[in-house]
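Thanks for coming. Please have a look at the structure on the screen before I go on.

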Amino acid sequence: MDKHTDYTTLGLKALQRAAAKVSENARKNNYKIPIWKNGSIEFEIPKSITEQSNEPEL
């Protein structure tokens with residue numbers, strides 16, 4: 001199987017940035033966002049991210 005293309009990597013990074021902004025906005029304003037847990041959707045206020053995520057393989 002081929003490695004990921006440049007566009008795939010760029011798309012993944014864009015989605016991660018967008019998700020981080022939504023999570024930050026929800027945390028600041030005490031908004032609940034839908035999160036998939038245990039086979040169902042639960043609404044909760046996201047917790048602060050304290051760990052640095054791993055970069056995807058290129």
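Predicted model: local features only at pLDDT ≥ 70, side-chain atom pairs only at ≥ 80, totals over all residues.

Start with the two strands. Strand β1 covers residues 33–37, and strand β2 covers residues 40–44. They run antiparallel, joined by 5 bridges. To find your place in the pairing, look at Ile35, which stands opposite Glu42 in β2. The hairpin has 2 residues between the strands, and Asn38 takes a positive phi there, near 50°.

Now the charges. How many salt bridges does a search of the whole structure find? It finds 2.

One of them is between Lys28 and Glu24, with the closest N and O atoms 3.1 Å apart. Both residues sit in helix α1, residues 6–29, and because they are 4 residues apart, about one helical turn separates them. Lys28 counts as exposed, at 61% relative accessibility. Glu24 is at 36%, so it counts as partly exposed.

Another salt bridge joins the side chains of Lys37 and Glu44, at 3.3 Å from N to O. Lys37 has a relative accessible area of 32% and is therefore partly exposed. Glu44, at 22%, also counts as partly exposed. As a general point, side chains of opposite charge can pair when their charged atoms come close.

Last, the surface patch. Which residues form the nonpolar patch? They are Trp36, Ile41 and Phe43, and together they have about 400 Å² of accessible area. Of these, Ile41 lies in strand β2, and its relative accessibility of 51% makes it count as exposed.

How values were computed
Residues numbered from 1 in each chain as written. Heavy atoms only, no water. Patch = residues over 30% accessible without salt bridge, like charges linked within 9 Å, V, L, I, M, F, W, Y side chains within 5 Å. Areas by Shrake-Rupley, 256 points an atom, 1.4 Å probe, with all protein chains shown as cover. Salt bridge = Lys/Arg side-chain N within 4 Å of Asp/Glu carboxyl O. Buried < 20%, exposed > 50% of the residue type's maximum accessible area, 1.4 Å probe, protein only. Pairing = 2+ DSSP bridges.
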